[in-house]
Amino acid sequence: MVARAAVRDPRELAVRAALDEIPDPEIPAISVVELGVIGEVAFEPRREGGELLSVELLPTFVGCPAIDVMRQQIGERLTALGVADEVQVRLTFAPPWTSDRISAEGREKLRGSGFAPPVLIGPSFDGHELQLYLAQATCPYCGSERTTLDNPFGPTLCRAIYHCDACNQPFEQFKAV
Amino acid sequence: MTDLAPGPREALAELLLTLADDEFVLGFWDSEWTGIAPMLEEDVATSSISQDEIGHAKAWYELLASLTDDDADRLAFGRAPEDYRHAALMNHPRTDWAFTVARRFLYEHADAIRLEALSRSSYAPVAELAAKMRREETYHLMHVDVWLRRLAEADGDTRWRLVDSLQAAWPEAQAVLAPTAGDVELVKAGILPEPMETLRTRWQGGVQGTLAANGLPALPDAGAPADGRTRRTDDFAWLHGQFTMVARSDEAATW
């Protein structure tokens, strides 16, 4: 998770709290805030008067089909919140979303709903490291590390499929990326 | 840098169209394996990779549309077949599994080199998008390298189909890293940090090294064909008819 400034505009806190109630469309166990897809939240004066609430949305995958749904839900929720005259949800790849942005709460909730959280990867990411990350997955059901990768590609762009050799359950892991 | 003079903007628009069309057309061809890949796990993998490619195409089309005051859906679905600018490598159907692996092996490695260069672009929107895509493409590279090794280590027909497909695809694969008309201008502005010819030489070296490491024969010297991004086939005309079918069925629809 990105470091947070100590003092924040109370309206920003209200915005983040509202966003924390919006579930990820594909994995509803965690919110868009816990997923780490929310970037900067800013209030800007508008030329025509009033204020614009601008929220950055960081796509998990460039081609994630859930992005438009997220964008719409965020826009509607914040408009209903009524803290600014206008709401703008802006897609950005700077900084890029990486799986390390999923919060500690988010990782725990993933585990609780049968998804292994992604391996923490740090800033660099190359093919050699990927091989090492893919070999590591902890079974979200029994906690065993004796697991086997079945497929680095899964039912959505962000999920890989594993098998637990201890409890014999198939499970999915949120991909490290 | 986010503001561009007309010259570099036009050169970048041309480059973006090639990036988008390569990903878009390959994504459509390979998505045809959905349901009929050699095994269930591969069905999921190829479908997921194809979805990534089409998603990358969408992002490039959107960036292009913002530069030229156009519309991403029109760029994707509203052009005649002769107006697409994908490399000739993408003119052919998925054919058999060996051809699919051979084409993706050559393409993914070229795309990786191209994205690495673009991640150093002086034009921030390109650099940011390329950096993000590289993380995803790491999975594609790993996937296709595993398949290359697997087919290379097989006996008889499997191995020979791979060798034949690599040799057939190699000349047209050069078009992926052939210079566009604005290459010099792009390099001068730092939008493309190195000329395409430099990238193509780097890619060729990497490909030959991987082939040798897998006990596969070296590929012959090849230059970039002059019509590598304008040459079209009946196969592509057929695919174009397929992927524009829904958009053509109701041109006034909003999505």
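From the N terminus on, the elements of chain A run α-α-β-β-α-β-α-β-α-β-β-β. The model you are looking at is predicted, so local features need pLDDT of at least 70 and side-chain atom pairs count only at pLDDT 80 or more, while totals for chains, interfaces and linings use all residues. Residues are numbered from 1 along each chain as its sequence is written, with chains lettered from A and ligands numbered from 1 in the order in which they are written.

Let's stay with chain A for a moment. Its C-alpha trace spans about 60 × 30 × 30 Å along the principal axes. Of the 177 residues in chain A, 34% are buried; a residue is buried if 20 or more other C-beta atoms lie within 10 Å of its own, exposed if 12 or fewer, and partly exposed in between, with C-beta atoms placed from the backbone. Two residues are in contact if their C-beta atoms, placed in that way, lie within 7 Å. Among contacts in chain A with a separation of 6 or more, 54% join residues 24 or more positions apart.

Now find two helices that meet. Two packed helices are described by the angle between their axes and the distance between the axes. In chain A, the axes of helix H1 (residues 10-19) and helix H3 (residues 67-81) come within 10 Å and cross at roughly 135 degrees. Axes here are lines fitted to C-alpha atoms, for helices over the stretch in contact, and angles run from 0 to 180 degrees between N-to-C directions. H1(A) and H3(A) are therefore oblique to each other: angles under 35 degrees count as roughly parallel, over 145 as roughly antiparallel, 65 to 115 as roughly perpendicular and the rest as oblique. Ala14(A), Val15(A), Ala18(A) and Leu19(A) of H1(A) make the contact with Ile74(A), Arg77(A), Leu78(A) and Leu81(A) of H3(A).

The axes of H2(B) and H5(B) come within 11 Å and cross at roughly 165 degrees, and that makes H2(B) roughly antiparallel to H5(B). On the H2(B) side you will find Ala45(B), Ile49(B), Asp52(B), His56(B), Ala59(B) and Leu63(B), which meet Pro125(B), Leu129(B), Met133(B), Glu136(B), His140(B) and His143(B) in H5(B).

Where do the two chains touch? Here 24 residues of chain B are in contact with 18 residues of chain A. On the chain B side, the elements that give two or more residues are helix H2 (40-68) and helix H5 (124-153).

Finally, look inside. A nonpolar core is a set of buried Ala, Val, Leu, Ile, Met, Phe, Trp, Tyr and Cys residues joined through C-beta atoms within 7 Å. The largest one has 98 residues, and those with the most contacts inside it are Leu16(B), Ala20(B), Trp60(B), Leu89(B) and Val101(B). Helix H1 (residues 6-31) of chain B gives the most to this core, with 11 residues. Not counting residues up to four places away in sequence, Leu16(B) touches Trp60(B), Leu63(B) and Leu64(B).

Trp29(B) also sits in helix H1 of chain B. Is Trp29(B) buried or exposed? Trp29(B) is buried, because 23 other C-beta atoms lie within 10 Å. Leaving aside neighbours within four places in sequence, Trp29(B) is in contact with Met90(B), Pro93(B), Arg94(B) and Leu239(B).

Terms used. Helices (H or I, at least four residues) and strands (E, at least two) are DSSP runs, numbered from the N terminus.
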